Amino acid sequence: MTIRIKDYWRNFIDGEFVDGASGERIAVENPATAEPIAEVARAMPADIDRAVAAARRAFESRTLWEMRPAARGDLMFAVARHLGDLVEEIAAVECLDNGKTLAAGRNEVALTQRYLQYYGGMADKLEGRQIPLGEGFIDYTVHAPFGVSAQIVPWNGPLPVGARSVACALVTGNTVVLKSPEDSPLSLFLFAEACARAGVPRGAVNIVCGYGHDAGAALASHRDIDHIVFTGSVATGQSVLRAAAERVIPCVMELGGKSGGIVHADADLERTARSAARGIFHHAGQICSAGSRLIVHRSLCEDLIARLKVEAESRKVGPGIDGCDMGPLISARQLAKVEALCKVGVAEGARLVTGGGRVPGLKGHFMQPTIFADVRPDMRIFHEEFFGPVVVVTPFDTPEEAVAIANGTEYGLAAGVYTRDLKLAHWTADRLVAGQIYVNEWWAGGVETPFGGTKRSGYGREKGQEALLGYVQTKNVGIRL
Ligand code: NAD
(Lines give C-alpha, C1' and ligand atoms only; values in the text may rest on other atoms or scores of the structure.)
Protein backbone atom coordinates (compact mmCIF):
# COMPACT_ATOMS: atom_id res chain seq x y z
CA MET A 1 0.00 0.00 0.00
CA THR A 2 1.29 3.52 -0.75
CA ILE A 3 0.04 6.80 0.65
CA ARG A 4 1.06 10.31 -0.31
CA ILE A 5 1.68 13.24 1.96
CA LYS A 6 2.82 16.82 1.36
CA ASP A 7 6.58 16.96 0.85
CA TYR A 8 7.21 20.32 2.61
CA TRP A 9 5.70 21.48 5.92
CA ARG A 10 5.93 24.97 7.44
CA ASN A 11 5.89 26.21 11.04
CA PHE A 12 2.68 27.71 12.40
CA ILE A 13 3.35 31.17 13.87
CA ASP A 14 0.87 33.96 14.56
CA GLY A 15 -1.93 32.18 12.74
CA GLU A 16 0.02 31.47 9.54
CA PHE A 17 2.14 28.67 8.12
CA VAL A 18 5.59 30.21 7.52
CA ASP A 19 9.09 29.27 6.35
CA GLY A 20 11.98 29.32 8.80
CA ALA A 21 14.02 32.55 8.98
CA SER A 22 17.19 30.74 7.89
CA GLY A 23 15.49 28.87 5.03
CA GLU A 24 16.96 25.60 6.37
CA ARG A 25 14.92 22.42 6.43
CA ILE A 26 14.87 19.22 8.50
CA ALA A 27 14.47 15.95 6.61
CA VAL A 28 11.83 13.62 8.09
CA GLU A 29 12.41 9.90 7.67
CA ASN A 30 10.03 6.96 7.54
CA PRO A 31 11.34 4.67 10.31
CA ALA A 32 9.83 1.64 8.56
CA THR A 33 11.90 2.14 5.40
CA ALA A 34 14.75 4.44 6.57
CA GLU A 35 13.91 6.68 3.61
CA PRO A 36 13.13 10.43 3.62
CA ILE A 37 9.45 11.26 3.21
CA ALA A 38 9.18 15.01 3.72
CA GLU A 39 10.93 18.16 4.92
CA VAL A 40 9.93 20.68 7.56
CA ALA A 41 11.06 24.28 7.91
CA ARG A 42 13.77 24.24 10.57
CA ALA A 43 12.97 26.64 13.41
CA MET A 44 16.04 28.42 14.77
CA PRO A 45 16.26 30.78 17.77
CA ALA A 46 15.04 33.70 15.57
CA ASP A 47 11.86 31.75 14.77
CA ILE A 48 11.40 30.95 18.46
CA ASP A 49 11.62 34.72 19.18
CA ARG A 50 8.94 35.34 16.59
CA ALA A 51 6.65 32.63 17.96
CA VAL A 52 7.08 33.79 21.58
CA ALA A 53 6.38 37.39 20.53
CA ALA A 54 3.17 36.26 18.80
CA ALA A 55 2.10 34.30 21.88
CA ARG A 56 2.91 37.31 24.10
CA ARG A 57 0.81 39.64 21.93
CA ALA A 58 -2.07 37.16 21.98
CA PHE A 59 -1.85 36.89 25.76
CA GLU A 60 -1.61 40.65 26.32
CA SER A 61 -4.59 41.23 24.01
CA ARG A 62 -6.64 39.36 26.69
CA THR A 63 -8.81 37.87 23.92
CA LEU A 64 -8.86 34.39 25.44
CA TRP A 65 -9.07 35.59 29.04
CA GLU A 66 -12.01 37.86 28.34
CA MET A 67 -14.01 35.14 26.60
CA ARG A 68 -16.51 33.43 28.83
CA PRO A 69 -14.91 30.19 30.06
CA ALA A 70 -17.66 28.20 28.35
CA ALA A 71 -16.72 29.88 25.05
CA ARG A 72 -13.11 28.75 25.53
CA GLY A 73 -14.56 25.29 26.04
CA ASP A 74 -16.61 25.57 22.84
CA LEU A 75 -13.40 26.42 21.01
CA MET A 76 -11.89 23.09 22.13
CA PHE A 77 -14.97 21.24 20.88
CA ALA A 78 -14.57 23.04 17.54
CA VAL A 79 -10.89 22.03 17.30
CA ALA A 80 -11.93 18.43 18.01
CA ARG A 81 -14.48 18.55 15.18
CA HIS A 82 -11.97 19.97 12.69
CA LEU A 83 -9.43 17.38 13.75
CA GLY A 84 -12.03 14.75 12.87
CA ASP A 85 -12.10 16.12 9.30
CA LEU A 86 -8.35 15.50 9.09
CA VAL A 87 -8.38 11.95 10.48
CA GLU A 88 -7.19 10.16 7.34
CA GLU A 89 -4.37 12.66 6.76
CA ILE A 90 -3.26 12.36 10.36
CA ALA A 91 -3.40 8.56 10.29
CA ALA A 92 -1.22 8.64 7.17
CA VAL A 93 1.44 10.89 8.69
CA GLU A 94 1.46 8.96 11.99
CA CYS A 95 2.03 5.87 9.91
CA LEU A 96 4.77 7.42 7.78
CA ASP A 97 6.75 9.58 10.21
CA ASN A 98 6.13 7.63 13.41
CA GLY A 99 5.82 3.99 12.35
CA LYS A 100 2.30 3.45 13.70
CA THR A 101 -0.38 1.41 11.96
CA LEU A 102 -3.16 3.33 10.17
CA ALA A 103 -5.59 2.06 12.82
CA ALA A 104 -3.31 3.34 15.60
CA GLY A 105 -3.05 6.70 13.80
CA ARG A 106 -6.86 6.96 13.72
CA ASN A 107 -6.96 6.01 17.40
CA GLU A 108 -4.54 8.86 18.18
CA VAL A 109 -7.04 11.27 16.61
CA ALA A 110 -9.92 9.80 18.64
CA LEU A 111 -7.84 10.06 21.82
CA THR A 112 -6.89 13.66 21.04
CA GLN A 113 -10.52 14.54 20.45
CA ARG A 114 -11.33 13.06 23.87
CA TYR A 115 -8.70 15.30 25.50
CA LEU A 116 -10.06 18.37 23.72
CA GLN A 117 -13.63 17.56 24.73
CA TYR A 118 -12.67 16.66 28.30
CA TYR A 119 -10.80 19.92 28.88
CA GLY A 120 -13.35 21.88 26.83
CA GLY A 121 -16.00 20.57 29.24
CA MET A 122 -13.92 21.65 32.24
CA ALA A 123 -13.32 25.20 31.02
CA ASP A 124 -16.25 26.58 33.06
CA LYS A 125 -15.75 24.35 36.10
CA LEU A 126 -12.50 25.64 37.51
CA GLU A 127 -13.85 27.64 40.43
CA GLY A 128 -12.13 29.81 43.01
CA ARG A 129 -12.92 30.16 46.71
CA GLN A 130 -14.60 32.85 48.76
CA ILE A 131 -12.71 33.23 52.03
CA PRO A 132 -14.53 34.67 55.08
CA LEU A 133 -12.56 37.56 56.63
CA GLY A 134 -15.35 38.94 58.80
CA GLU A 135 -17.38 42.13 58.74
CA GLY A 136 -16.22 44.72 56.21
CA PHE A 137 -14.25 42.41 53.91
CA ILE A 138 -14.82 40.27 50.86
CA ASP A 139 -12.06 37.94 49.75
CA TYR A 140 -11.95 35.60 46.76
CA THR A 141 -9.42 33.60 44.75
CA VAL A 142 -8.97 33.45 40.98
CA HIS A 143 -7.22 30.73 38.94
CA ALA A 144 -5.10 33.12 36.87
CA PRO A 145 -3.14 31.99 33.78
CA PHE A 146 0.66 32.19 33.82
CA GLY A 147 0.95 33.82 30.39
CA VAL A 148 3.02 32.23 27.61
CA SER A 149 3.33 28.48 28.10
CA ALA A 150 6.35 26.85 26.37
CA GLN A 151 5.75 23.21 25.56
CA ILE A 152 8.34 20.67 24.40
CA VAL A 153 7.09 17.33 23.12
CA PRO A 154 8.80 13.96 22.38
CA TRP A 155 8.37 11.86 19.26
CA ASN A 156 6.47 8.85 20.55
CA GLY A 157 2.97 10.35 20.77
CA PRO A 158 3.27 13.97 19.65
CA LEU A 159 -0.38 14.58 18.77
CA PRO A 160 -2.16 13.54 21.99
CA VAL A 161 0.73 14.61 24.25
CA GLY A 162 0.96 18.02 22.56
CA ALA A 163 -2.77 18.62 22.15
CA ARG A 164 -3.69 17.82 25.76
CA SER A 165 -1.19 20.42 27.02
CA VAL A 166 -2.41 22.99 24.50
CA ALA A 167 -6.02 22.33 25.55
CA CYS A 168 -5.20 22.78 29.26
CA ALA A 169 -3.31 26.00 28.49
CA LEU A 170 -6.03 27.55 26.32
CA VAL A 171 -9.01 26.77 28.54
CA THR A 172 -7.19 28.44 31.45
CA GLY A 173 -6.38 31.53 29.35
CA ASN A 174 -2.69 30.95 28.58
CA THR A 175 -1.15 31.12 25.11
CA VAL A 176 1.30 28.57 23.73
CA VAL A 177 4.53 28.04 21.83
CA LEU A 178 4.98 24.32 21.24
CA LYS A 179 8.14 22.73 19.85
CA SER A 180 7.25 19.57 17.99
CA PRO A 181 9.74 16.67 17.93
CA GLU A 182 12.18 16.71 15.02
CA ASP A 183 11.79 12.94 14.46
CA SER A 184 7.99 12.92 14.04
CA PRO A 185 6.74 16.50 13.69
CA LEU A 186 3.98 16.21 11.10
CA SER A 187 0.77 15.38 12.97
CA LEU A 188 1.09 18.49 15.16
CA PHE A 189 1.04 20.69 12.04
CA LEU A 190 -2.34 19.15 11.18
CA PHE A 191 -3.42 19.96 14.73
CA ALA A 192 -2.35 23.56 14.02
CA GLU A 193 -4.52 23.45 10.90
CA ALA A 194 -7.49 22.29 13.01
CA CYS A 195 -6.86 25.15 15.49
CA ALA A 196 -6.81 27.67 12.62
CA ARG A 197 -10.02 26.29 11.09
CA ALA A 198 -11.74 26.30 14.50
CA GLY A 199 -11.00 30.01 14.99
CA VAL A 200 -8.43 29.80 17.81
CA PRO A 201 -7.30 33.45 18.13
CA ARG A 202 -4.26 34.39 16.08
CA GLY A 203 -1.02 33.82 18.01
CA ALA A 204 -2.68 31.87 20.83
CA VAL A 205 -1.15 28.62 19.52
CA ASN A 206 2.21 28.53 17.73
CA ILE A 207 3.76 25.24 16.63
CA VAL A 208 7.36 25.07 15.45
CA CYS A 209 9.76 22.27 14.64
CA GLY A 210 13.47 22.51 15.34
CA TYR A 211 16.27 20.55 16.93
CA GLY A 212 16.41 20.30 20.70
CA HIS A 213 19.90 21.74 21.12
CA ASP A 214 19.05 25.06 19.42
CA ALA A 215 15.29 25.61 19.02
CA GLY A 216 14.37 23.60 22.15
CA ALA A 217 17.06 25.22 24.28
CA ALA A 218 16.17 28.69 22.92
CA LEU A 219 12.52 28.15 23.87
CA ALA A 220 13.26 26.79 27.37
CA SER A 221 15.60 29.69 28.17
CA HIS A 222 13.55 32.43 26.46
CA ARG A 223 13.24 35.58 28.57
CA ASP A 224 9.57 36.04 27.68
CA ILE A 225 7.99 32.71 28.56
CA ASP A 226 6.15 32.20 31.86
CA HIS A 227 5.68 28.43 32.16
CA ILE A 228 7.17 25.22 30.77
CA VAL A 229 5.65 21.82 30.08
CA PHE A 230 8.36 19.36 29.16
CA THR A 231 7.89 15.72 28.16
CA GLY A 232 11.03 13.78 27.37
CA SER A 233 14.15 12.25 28.87
CA VAL A 234 15.54 12.96 32.34
CA ALA A 235 18.80 14.41 30.98
CA THR A 236 17.02 16.93 28.74
CA GLY A 237 14.51 17.66 31.49
CA GLN A 238 17.36 18.60 33.81
CA SER A 239 18.76 21.10 31.30
CA VAL A 240 15.28 22.59 30.84
CA LEU A 241 14.93 22.88 34.63
CA ARG A 242 18.27 24.69 34.87
CA ALA A 243 17.03 27.22 32.30
CA ALA A 244 13.73 27.60 34.18
CA ALA A 245 15.59 28.13 37.46
CA GLU A 246 17.39 31.14 35.96
CA ARG A 247 14.04 32.86 35.48
CA VAL A 248 12.19 31.18 38.37
CA ILE A 249 9.33 29.93 36.23
CA PRO A 250 7.15 26.91 37.01
CA CYS A 251 7.45 23.62 35.13
CA VAL A 252 5.48 20.46 34.56
CA MET A 253 8.03 17.65 34.04
CA GLU A 254 6.94 14.38 32.42
CA LEU A 255 10.11 12.32 32.21
CA GLY A 256 11.16 8.71 31.73
CA GLY A 257 10.33 5.49 33.51
CA LYS A 258 11.32 1.91 34.27
CA SER A 259 7.94 0.78 35.42
CA GLY A 260 7.59 -2.58 37.14
CA GLY A 261 4.61 -4.91 37.48
CA ILE A 262 4.48 -7.28 40.47
CA VAL A 263 2.96 -10.69 39.67
CA HIS A 264 1.82 -12.28 42.92
CA ALA A 265 1.60 -16.06 43.37
CA ASP A 266 -2.20 -16.14 42.89
CA ALA A 267 -2.28 -14.10 39.63
CA ASP A 268 -4.30 -15.26 36.61
CA LEU A 269 -1.34 -16.25 34.44
CA GLU A 270 -3.04 -16.18 31.05
CA ARG A 271 -4.45 -12.67 31.55
CA THR A 272 -1.25 -11.45 33.16
CA ALA A 273 0.84 -12.64 30.21
CA ARG A 274 -1.48 -10.88 27.75
CA SER A 275 -1.56 -7.63 29.73
CA ALA A 276 2.20 -7.65 30.38
CA ALA A 277 2.97 -8.32 26.70
CA ARG A 278 0.76 -5.45 25.61
CA GLY A 279 2.33 -3.26 28.28
CA ILE A 280 5.78 -3.64 26.75
CA PHE A 281 5.28 -4.45 23.06
CA HIS A 282 2.63 -1.82 22.25
CA HIS A 283 4.20 0.85 20.01
CA ALA A 284 7.39 -1.23 20.25
CA GLY A 285 7.82 -0.21 23.89
CA GLN A 286 8.28 3.47 23.01
CA ILE A 287 5.93 4.65 25.75
CA CYS A 288 7.15 6.33 28.93
CA SER A 289 4.81 4.22 31.07
CA ALA A 290 5.59 0.91 29.32
CA GLY A 291 5.74 -2.08 31.67
CA SER A 292 9.45 -2.64 31.19
CA ARG A 293 10.07 -4.74 34.32
CA LEU A 294 8.20 -7.73 35.72
CA ILE A 295 8.75 -8.83 39.30
CA VAL A 296 7.34 -12.35 39.46
CA HIS A 297 6.73 -14.79 42.31
CA ARG A 298 9.33 -17.53 41.98
CA SER A 299 6.67 -20.29 41.91
CA LEU A 300 5.25 -19.12 38.59
CA CYS A 301 8.21 -17.36 37.02
CA GLU A 302 9.07 -19.97 34.39
CA ASP A 303 5.43 -20.52 33.46
CA LEU A 304 4.88 -16.78 32.92
CA ILE A 305 8.11 -16.42 30.95
CA ALA A 306 7.03 -19.29 28.65
CA ARG A 307 3.68 -17.56 28.00
CA LEU A 308 5.35 -14.22 27.44
CA LYS A 309 7.72 -15.86 24.95
CA VAL A 310 4.72 -17.12 22.98
CA GLU A 311 3.24 -13.60 23.03
CA ALA A 312 6.53 -12.08 21.87
CA GLU A 313 7.20 -14.56 19.09
CA SER A 314 3.65 -14.44 17.74
CA ARG A 315 3.86 -10.72 17.04
CA LYS A 316 4.27 -9.79 13.40
CA VAL A 317 6.95 -7.12 13.28
CA GLY A 318 6.97 -4.88 10.21
CA PRO A 319 5.70 -1.64 8.66
CA GLY A 320 2.51 -0.33 10.25
CA ILE A 321 1.15 0.46 6.83
CA ASP A 322 1.08 -3.27 6.07
CA GLY A 323 -1.03 -3.86 9.19
CA CYS A 324 1.74 -5.51 11.24
CA ASP A 325 1.39 -5.89 15.02
CA MET A 326 4.57 -4.09 15.99
CA GLY A 327 6.21 -1.30 14.04
CA PRO A 328 9.76 0.10 14.02
CA LEU A 329 11.71 2.14 16.52
CA ILE A 330 11.82 5.79 15.60
CA SER A 331 15.40 5.99 14.33
CA ALA A 332 18.65 4.14 13.65
CA ARG A 333 20.04 5.91 16.73
CA GLN A 334 17.27 4.55 18.96
CA LEU A 335 17.62 1.02 17.53
CA ALA A 336 21.39 1.09 18.12
CA LYS A 337 20.82 2.26 21.71
CA VAL A 338 18.35 -0.56 22.45
CA GLU A 339 20.57 -3.20 20.84
CA ALA A 340 23.62 -1.97 22.76
CA LEU A 341 21.76 -2.19 26.08
CA CYS A 342 20.67 -5.74 25.20
CA LYS A 343 24.34 -6.64 24.73
CA VAL A 344 25.02 -5.19 28.18
CA GLY A 345 22.29 -7.47 29.58
CA VAL A 346 23.88 -10.57 28.05
CA ALA A 347 27.33 -9.52 29.32
CA GLU A 348 25.89 -8.97 32.81
CA GLY A 349 24.71 -12.59 32.85
CA ALA A 350 20.95 -12.12 32.34
CA ARG A 351 19.24 -14.96 30.42
CA LEU A 352 18.06 -13.87 26.97
CA VAL A 353 14.76 -15.74 26.46
CA THR A 354 13.92 -14.34 23.02
CA GLY A 355 14.89 -11.45 20.74
CA GLY A 356 17.89 -9.32 21.65
CA GLY A 357 18.58 -7.59 18.34
CA ARG A 358 17.24 -5.97 15.19
CA VAL A 359 14.94 -7.93 12.90
CA PRO A 360 17.13 -9.35 10.14
CA GLY A 361 16.20 -8.67 6.53
CA LEU A 362 14.07 -5.56 7.13
CA LYS A 363 15.30 -2.15 5.99
CA GLY A 364 13.65 -0.05 8.70
CA HIS A 365 14.55 0.24 12.37
CA PHE A 366 12.83 -2.92 13.58
CA MET A 367 13.70 -4.45 16.95
CA GLN A 368 12.69 -7.97 17.98
CA PRO A 369 10.34 -8.26 20.97
CA THR A 370 12.81 -9.18 23.70
CA ILE A 371 12.62 -10.88 27.10
CA PHE A 372 15.42 -11.12 29.67
CA ALA A 373 15.04 -13.47 32.66
CA ASP A 374 17.14 -13.89 35.85
CA VAL A 375 17.63 -10.13 35.99
CA ARG A 376 19.13 -8.97 39.29
CA PRO A 377 18.59 -5.48 40.76
CA ASP A 378 22.31 -4.78 40.50
CA MET A 379 22.25 -5.04 36.69
CA ARG A 380 22.17 -2.02 34.39
CA ILE A 381 19.28 -3.48 32.38
CA PHE A 382 17.21 -3.47 35.58
CA HIS A 383 17.69 0.30 35.97
CA GLU A 384 18.14 1.86 32.54
CA GLU A 385 15.25 2.74 30.26
CA PHE A 386 15.40 0.90 26.90
CA PHE A 387 12.45 2.81 25.38
CA GLY A 388 12.02 -0.24 23.18
CA PRO A 389 10.26 -3.64 23.25
CA VAL A 390 12.41 -5.17 25.99
CA VAL A 391 11.10 -6.52 29.30
CA VAL A 392 13.30 -7.73 32.16
CA VAL A 393 12.05 -10.35 34.63
CA THR A 394 13.17 -10.60 38.28
CA PRO A 395 11.90 -13.30 40.68
CA PHE A 396 10.80 -12.69 44.30
CA ASP A 397 9.82 -14.80 47.30
CA THR A 398 7.80 -12.52 49.64
CA PRO A 399 5.46 -9.56 48.97
CA GLU A 400 7.77 -7.28 51.01
CA GLU A 401 10.69 -8.27 48.79
CA ALA A 402 8.58 -7.69 45.65
CA VAL A 403 7.77 -4.13 46.72
CA ALA A 404 11.40 -3.39 47.56
CA ILE A 405 12.50 -4.66 44.12
CA ALA A 406 9.74 -2.75 42.32
CA ASN A 407 10.65 0.50 44.11
CA GLY A 408 14.36 -0.09 43.60
CA THR A 409 15.04 2.26 40.67
CA GLU A 410 15.41 6.02 40.49
CA TYR A 411 12.20 6.26 38.45
CA GLY A 412 8.63 6.32 39.73
CA LEU A 413 6.26 6.80 36.80
CA ALA A 414 3.93 3.77 36.77
CA ALA A 415 3.76 0.42 38.57
CA GLY A 416 1.49 -2.61 38.39
CA VAL A 417 0.06 -5.41 40.50
CA TYR A 418 -1.37 -8.71 39.30
CA THR A 419 -3.35 -10.69 41.90
CA ARG A 420 -6.83 -12.13 42.54
CA ASP A 421 -6.68 -10.95 46.18
CA LEU A 422 -8.14 -7.46 46.58
CA LYS A 423 -6.56 -7.01 49.99
CA LEU A 424 -3.12 -7.86 48.59
CA ALA A 425 -3.77 -5.51 45.66
CA HIS A 426 -4.45 -2.60 48.05
CA TRP A 427 -1.52 -3.55 50.30
CA THR A 428 0.83 -3.52 47.31
CA ALA A 429 -0.59 -0.38 45.67
CA ASP A 430 -0.20 1.46 48.96
CA ARG A 431 3.54 0.64 49.11
CA LEU A 432 4.51 1.18 45.47
CA VAL A 433 6.10 4.57 44.81
CA ALA A 434 4.75 5.74 41.44
CA GLY A 435 2.34 8.27 40.00
CA GLN A 436 -0.11 5.59 38.89
CA ILE A 437 -0.69 1.97 39.84
CA TYR A 438 -2.35 -0.44 37.42
CA VAL A 439 -4.07 -3.45 39.01
CA ASN A 440 -4.63 -6.51 36.78
CA GLU A 441 -4.47 -4.46 33.58
CA TRP A 442 -1.52 -2.41 32.43
CA TRP A 443 -2.72 1.12 31.56
CA ALA A 444 -6.03 0.75 33.42
CA GLY A 445 -7.19 4.38 33.32
CA GLY A 446 -7.91 6.99 30.67
CA VAL A 447 -8.11 10.65 29.74
CA GLU A 448 -9.87 11.24 33.09
CA THR A 449 -7.15 9.76 35.31
CA PRO A 450 -4.22 11.94 36.44
CA PHE A 451 -0.87 10.90 35.00
CA GLY A 452 2.65 11.85 36.01
CA GLY A 453 5.77 10.88 37.85
CA THR A 454 7.44 10.70 41.22
CA LYS A 455 11.21 10.63 41.88
CA ARG A 456 13.21 11.14 38.65
CA SER A 457 10.13 10.53 36.49
CA GLY A 458 9.23 14.17 37.15
CA TYR A 459 6.40 16.08 38.79
CA GLY A 460 3.14 17.74 37.95
CA ARG A 461 0.25 15.90 36.37
CA GLU A 462 -1.13 15.65 32.84
CA LYS A 463 -4.58 14.17 32.17
CA GLY A 464 -7.53 14.25 34.55
CA GLN A 465 -8.79 17.30 36.44
CA GLU A 466 -5.44 17.67 38.24
CA ALA A 467 -3.71 18.67 35.01
CA LEU A 468 -5.53 22.01 34.82
CA LEU A 469 -4.05 23.05 38.16
CA GLY A 470 -0.60 22.94 36.57
CA TYR A 471 -1.58 25.78 34.20
CA VAL A 472 -2.90 28.30 36.70
CA GLN A 473 -1.68 30.26 39.67
CA THR A 474 -3.87 31.28 42.57
CA LYS A 475 -4.49 35.00 42.81
CA ASN A 476 -6.19 36.29 45.95
CA VAL A 477 -8.33 39.42 45.89
CA GLY A 478 -9.02 40.92 49.32
CA ILE A 479 -11.52 43.81 49.47
CA ARG A 480 -12.12 46.25 52.31
CA LEU A 481 -15.70 47.31 51.81
P1 NAD B 1 14.43 13.93 24.51
O2 NAD B 1 14.56 14.45 25.89
O3 NAD B 1 15.65 13.63 23.76
O4 NAD B 1 13.57 14.93 23.61
C5 NAD B 1 12.31 15.41 24.00
C6 NAD B 1 12.11 16.77 23.38
O7 NAD B 1 13.09 17.66 23.93
C8 NAD B 1 12.31 16.82 21.86
O9 NAD B 1 11.35 17.69 21.30
C10 NAD B 1 13.71 17.41 21.72
O11 NAD B 1 13.89 18.11 20.52
C12 NAD B 1 13.75 18.36 22.90
N13 NAD B 1 15.11 18.70 23.35
C14 NAD B 1 16.25 18.00 23.20
N15 NAD B 1 17.29 18.67 23.75
C16 NAD B 1 16.79 19.81 24.26
C17 NAD B 1 17.36 20.91 24.99
N18 NAD B 1 18.66 20.97 25.27
N19 NAD B 1 16.54 21.90 25.40
C20 NAD B 1 15.22 21.86 25.14
N21 NAD B 1 14.62 20.86 24.44
C22 NAD B 1 15.40 19.84 24.01
O23 NAD B 1 13.50 12.64 24.65
P24 NAD B 1 13.08 11.63 23.48
O25 NAD B 1 14.20 10.69 23.26
O26 NAD B 1 12.53 12.38 22.33
O27 NAD B 1 11.85 10.89 24.17
C28 NAD B 1 12.01 9.77 24.94
C29 NAD B 1 12.01 10.10 26.42
O30 NAD B 1 10.82 10.80 26.75
C31 NAD B 1 11.98 8.86 27.25
O32 NAD B 1 12.83 9.01 28.37
C33 NAD B 1 10.53 8.76 27.69
O34 NAD B 1 10.33 8.01 28.85
C35 NAD B 1 10.17 10.18 27.85
N36 NAD B 1 8.71 10.37 27.74
C37 NAD B 1 8.00 10.68 28.88
C38 NAD B 1 6.62 10.80 28.83
C39 NAD B 1 5.83 11.12 30.08
O40 NAD B 1 4.67 11.54 29.96
N41 NAD B 1 6.37 10.94 31.27
C42 NAD B 1 5.94 10.66 27.60
C43 NAD B 1 6.69 10.35 26.47
C44 NAD B 1 8.07 10.21 26.56
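Ala284 is located in the loop that runs between helix H10 (269-281) and strand E13 (291-297); helices (H or I, at least four residues) and strands (E, at least two) are DSSP runs, numbered from the N terminus. The structure is a predicted model, in which local features need pLDDT of at least 70 and side-chain atom pairs count only at pLDDT 80 or more, while totals for chains, interfaces and linings use all residues. Residues are numbered from 1 along each chain as its sequence is written, and side-chain values use heavy atoms, with hydrogens and water left out.

Although Ala284 is not a glycine, its phi is positive, at about 55°. Most residues other than glycine have a negative phi. Ala284 counts as buried because its relative accessibility is 1%; buried means under 20% relative accessible area, exposed over 50%, and partly exposed in between (1.4 Å probe, protein chains only).

Asp14 also calls for attention. This residue is not a glycine, yet it has a positive phi of about 55°. Asp14 is found in the loop between strand E2 (11-13) and strand E3 (16-18). With a relative accessibility of 16%, Asp14 counts as buried.

Side chains of opposite charge can pair when their charged atoms come close. A salt bridge is taken here as a side-chain nitrogen of Lys or Arg within 4 Å of a carboxyl oxygen of Asp or Glu, and by this rule the count comes to 33 salt bridges. One of them joins the side chains of Asp14 and Arg57, at 3.1 Å from N to O. Asp14 lies in the loop between E2 and E3 and Arg57 in helix H1 (residues 45-60), so this pair ties together parts that are 43 residues apart in sequence.

A second salt bridge is formed by the side chains of Glu448 and Arg114, at 2.7 Å from N to O. Since Glu448 lies in the loop between strand E19 (436-439) and strand E20 (454-455) and Arg114 in helix H5, the pair ties together parts that are 334 residues apart in sequence. Glu448 counts as partly exposed, at 40% relative accessibility, and Arg114 is likewise partly exposed, with a relative accessible area of 32%.

The side chains of Glu339 and Arg358 also meet in a salt bridge, at 2.7 Å from N to O. This pair links distant parts of the chain, with Glu339 in helix H12 (residues 332-347) and Arg358 in the loop between strand E14 (351-354) and strand E15 (370-373), 19 residues apart. Glu339 counts as buried at 14% relative accessibility, whereas Arg358 is partly exposed, with a relative accessible area of 42%. Elsewhere, salt bridges that share partners join Asp14, Glu16, Arg57 and Arg202 into one network.

Helix H3 (residues 69-85) and helix H5 (residues 102-122) pack at an angle of about 165°, with their axes 7 Å apart. That angle makes H3 roughly antiparallel to H5. Axes are lines fitted to C-alpha atoms, for helices over the stretch in contact, and angles run from 0 to 180 degrees between N-to-C directions. Angles under 35 degrees count as roughly parallel, over 145 as roughly antiparallel, 65 to 115 as roughly perpendicular and the rest as oblique. H5 and helix H6 (residues 158-171) pack at an angle of about 15°, with their axes 9 Å apart. H5 is therefore roughly parallel to H6.

Two pairs of residues give distances across the chain. Leu190, in helix H7 (residues 186-198), counts as buried at 6% relative accessibility. The C-alpha atoms of Leu190 and Ser275 are 33 Å apart in space, and the two residues are 85 residues apart in sequence. Ala46, in helix H1, is partly exposed, with a relative accessible area of 44%. Its C-alpha atom is separated by 19 Å from that of Phe189, which is 143 residues apart from Ala46 along the chain.

Leu481 lies in the segment after strand E22 (472-480) and is exposed, with a relative accessible area of 66%.
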